[in-house]
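The exercises below work through a two-chain protein model step by step. Please keep the sequence and the structure in view, and try each task before reading its solution.

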Amino acid sequence: MALANITSVSGTAVHIPGADIDTDRIIPARFMKCVTFDGLGEFAFYDVRFDPTSGERTDHPLNEERFNGASVLLAGVNFGCGSSREHAPQSLNKYGFKSIIAESFAEIFFGNSTTLGMPCVTLTAEQISQLREAVEADPTTEITIDVEKLEVRSSVGHTFNCAIPESARDALINGRWDPIQELLDNEEKTAGVGEALPYV
Amino acid sequence: MGKTLYQKVWDAHTVGTLSDGRTQLFIGTHLIHEVTSPQAFGMIRDLGLTVKYPHRTFATIDHIVPTVNQDAPADPLAADMMTALRENADEFGVTYFDLASGKQGIVHVVGPEQGITQPGSTIACGDSHTATHGAFGAIAFGIGTTQVRDVLATQTMAMEPLKVRRIEVNGKLRPGVYAKDVTLHIIRLLGAKGGIGYAYEYAGELFDNMTMEERMTVCNMAIEGGARCGYVNPDEKTFEFLKGRPYTPQEDKWDAAVENWKSFASDPDAEYDHVVKINAADIKPTVTWGISPDQGISIDETIPDPSQAETEVEAKSFQEALDYMKLPGGTPIKGVRVDVAFIGSCTNGRISDFRETAKFLKGHQVAEGVQAIAVPGSQLTAIQCEKEGLDKVFEEAGFEWRAAGCSMCLAMNPDKLVGDQLCASSSNRNFKGRQGSPTGRTVLMSPVMVAAAAVTGSIADAREVFDFDPATAAA
Ligand code: SF4
């Protein structure tokens, strides 16, 4: 199972406003009734993209045609809080997002995203708002998340130092963001630990 | 220097260090349900893997189960999930508490009930309220579907250790104040993000005196405070609760098991990354007013106004919450009209919750126009309630008595709010749209407070609605 080395991700971006965007907002619970993750993308942010009463499209950024094809998501603090369900990062991933930039991330969401090979990096509120302005002024602005160099750059000249926990960075750039192979390899040691536990 | 329970359990379950620096942790007990497991089974099938320790995985069905006629979901997708779990459990030889077993229920109610939840163990489940099991001195946490896959395939997962915050609550609760209020109070105090990166150790006189079910209520909501897991050190009450349950060590092995369990408790000289001290007597019946579990106030306070916010960001989130909740800032929360009253969920759907609520509900009637539903957390809880005649008390008061499941906690089943209905709820999350309607409103509170809201038709102070004899107050 050779995994890709994710050293850097580029694409156009869209900004989703608000702090504490929880996983229920990213993918409303009623869409989690599925036995596979395929097809979750179209329901990302459903309840804020469509008016709950009329069903009409709202002015949510994901409904704006100019942001179609955006693969970088810009967000605020504590992005992805709430439940541990991977349906949230999965739906964003299936929607087409390849990376998320926020002021901070909820821990479980961060871990789940990393395991999908979707880097989540942090910038300051001020830096994010500069990127937002650039993207809103020109939606074709390309944003590059350089995981290796810990930099976020834009095609209109921004260069910011970004942060990501070293373990996640290392896993992404060295193609170890999905740990399953290594876990399987340690089968014998695992058995040893299990045998020493009376309840197992 | 002594160690915390967290460190001891972590050390006992460490397989090694992975190349990314994370720890490979042995997961002794894996709980699964129908929502987050089918994709994981799909992944191991795709990779040609199998379930490595099938006897350490336990399955039940809870989220999508209809509570009127349990095994007949009208929704074809729900039926698919039901079938998928049944087939996966069968194919891989995993224990499954199916609807017909009489032992089905919310996974966090079933684990302890069956004695699967044990001190000193690691417990993982693709569900964020797995922290509940920490009440027994286990390190229990929610995981994502890919990690469910890892645990199925290897009985291990990659993880970074958490810091430990000791939350020490001393003194006694006042009458009418419950474990739910304690957990809402802590979250209000430390914030919904305050626990990120931490395990919470709940300690002190208050937790020592709590029943196991009360401890579960508190640990259940560790995640709403941002903490991935919460625990209480195991003690005599823990062992007493577990004795004789189907999956606990039987007689000849019991004493050795208890000795082993005791050894995991935090040492008196253990070092903590952070300590918070709270006085139990300061805690009042607490309700949420907004769309995040830390937006809580005591029942006699007024709903915050954005002008009271400390920062601009906070003012904005206050306004967003008020707009969504359609509540005016600066006015009392008491008296806000409710449409639905829900007692149940893995926070407050246990036998003691129904016993305590029934005590007060007797002789009262649900107010006109309020839909009130009581949903036991498991089939065994339902049977026990029915044995004690509690179902009749609820029904006579005008509650609908339902079958076991998650029900209106998150509405992946037919129990849903409609439009902007406001629900007085004993569950754990008040996020936007959580209870099934994108504009539905949730106010979190203790089950007795839900009963008070049901009978008055508005958010009320249970201490004013019911007769509280201070002598019979809970821990
Ligand atoms: S009762 Fe609610 S919080 Fe608990 S497991 Fe079910 S849906 Fe999740």
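## Exercise 1: The contact between the chains

In this predicted model, 16 residue pairs, both members at pLDDT 80 or more, are in polar contact between chain A and chain B. Describe the side of chain A that touches chain B by its elements and by its residue classes.

**Solution.** Begin with the elements: those of chain A that give two or more residues to this side are helices H1 (23–26), H3 (87–95), H4 (107–115), H6 (166–173), H7 (180–185) and H8 (187–196). Among these, H8(A) gives the most, with six residues. Then turn to the extent of the contact, which takes 49 residues from chain A and 68 residues from chain B. Finally consider the area: the two chains bury about 4,900 Å² between them, 59% of it on carbon and sulfur atoms, and in chain A the residues that lose the most area to chain B are Lys33(A), Leu183(A) and Tyr199(A), together 16% of what that side buries.

## Exercise 2: Salt bridges across the contact

Now take Glu187(A) and Lys52(B), whose side chains meet at 2.5 Å, N to O. Glu187(A) is partly exposed at 43%, and Lys52(B) is partly exposed at 37%. A further salt bridge is formed by the side chains of Arg149(B) and Asp178(A), at 2.4 Å, N to O.

## Exercise 3: An aspartate in a loop

Is Asp20(B) buried or exposed, and which residues does Asp20(B) touch beyond its sequence neighbours?

**Solution.** First place the residue: Asp20(B) is in the loop between strand E1 (14–17) and strand E2 (23–26) of chain B. Its relative accessibility is 7%, so Asp20(B) counts as buried. Leaving out residues up to four places away in sequence, Asp20(B) touches Ser167(A), Asp170(A), Ala171(A) and Arg176(A).

## Exercise 4: A strand covered on both faces

Which residues of strand E7 (residues 139–142) of chain B lie on each side, and which strand is joined to E7(B) by four bridges?

**Solution.** Recall that side chains in a regular strand alternate between the two faces of the sheet. In E7(B), Ile139(B) and Phe141(B) are on one side and Ala140(B) and Gly142(B) on the other, and all are buried, so that both faces are covered. The strand joined to E7(B) by four bridges is E6 (residues 122–125) of chain B, and the two run parallel. Within this pairing, Phe141(B) is the bridge partner of Ala124(B).

Methods
Residues are numbered from 1 along each chain as its sequence is written. Chains are lettered from A and ligands numbered from 1 in the order in which they are written. This is a predicted model: local features need pLDDT of at least 70, side-chain atom pairs count only at pLDDT 80 or more; totals for chains, interfaces and linings use all residues. Side-chain values use heavy atoms; hydrogens and water are left out. Buried means under 20% relative accessible area, exposed over 50%, partly exposed in between (1.4 Å probe, protein chains only). Two strands pair if DSSP finds at least two bridges between them. Contact means heavy atoms within 4.5 Å. Buried area is the accessible area (1.4 Å probe) that two parts lose on being put together, summed over both. A salt bridge is a side-chain nitrogen of Lys or Arg within 4 Å of a carboxyl oxygen of Asp or Glu. A polar contact is a pair of N or O atoms within 3.5 Å; within protein, one must be able to donate a hydrogen and the other to accept it, and residues adjacent in sequence count only if both atoms are side-chain atoms. Ala, Val, Leu, Ile, Met, Phe, Trp, Tyr, Cys and Pro count as nonpolar, Asp, Glu, Lys and Arg as charged, and the others, Gly among them, as polar.
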